[in-house]
Amino acid sequence: MFFLLRLTFWLGLVLVLLPREPGADHHKTSQLGASEAISAATAAVADMSQFCTRQPAACEAGGHAAAIIGERAQGGARKVYQFLMEQNADDADKARTERTGSVNGNRAAPSADTLTAADRRLDWRAVGS
């Protein structure tokens with residue numbers, strides 16, 4: 001949950017700090033100094049820390065909503081993980097098929113026969129001589 005809050009904060013900060021093209025509405029906005037922005041942010045954080053004492057029902061509902069969203073995010077992440085693992089397994093099967101030439105990727109058991117063609121040649125001997 002805190003990851004999402006941090007992500008939202010930093011993404012918002014990046015979007016705010018991106019340079020803008022000067023246009024007609026650029027001059028309409030009032031200039032805000034850095035110290036004023038910091039004091040406003042500090043006041044907002046202090047106000048948010050007191051929110052649960054002022055509105056306990058809303059804070060509790062927000063906690064439940066955050067828990068539900070977290071569970072759904074975990075379920076979604078699990079589905080994405082399973083999908084990626086299935087894709088990875090499919091790619092591995094295709095690579096194995098290309099490498100071994102078997103249709104199902106099943107390799108034949110390695111032979112225990114270690115004799116070469118030269119080992120199998122028998123020297124001819126006459127029987128009974």
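Visitor: Is Cys-52 buried, partly exposed or exposed?

Guide: Buried means under 20% relative accessible area, exposed means over 50%, and partly exposed lies in between (1.4 Å probe, protein chains only). Cys-52 has a relative accessible area of 36%, so Cys-52 is partly exposed. Bear in mind that this is a predicted model, where local features need pLDDT of at least 70, side-chain atom pairs count only at pLDDT 80 or more, and totals for chains, interfaces and linings use all residues. Residues are numbered from 1 along each chain as its sequence is written, and side-chain values use heavy atoms, with hydrogens and water left out.

Visitor: Which residue forms a disulfide with Cys-52?

Guide: In general, a disulfide is a covalent bond between the sulfur atoms of two cysteines. Here, the partner of Cys-52 is Cys-59, and their sulfur atoms sit 1.8 Å apart; the cut-off is within 2.5 Å. The S-S torsion of Cys-52 and Cys-59 is about 50°, so this disulfide is right-handed. Cys-59 is partly exposed too, at 26% relative accessibility.

Visitor: How much of the chain is buried?

Guide: Of its 129 residues, 2% count as buried.
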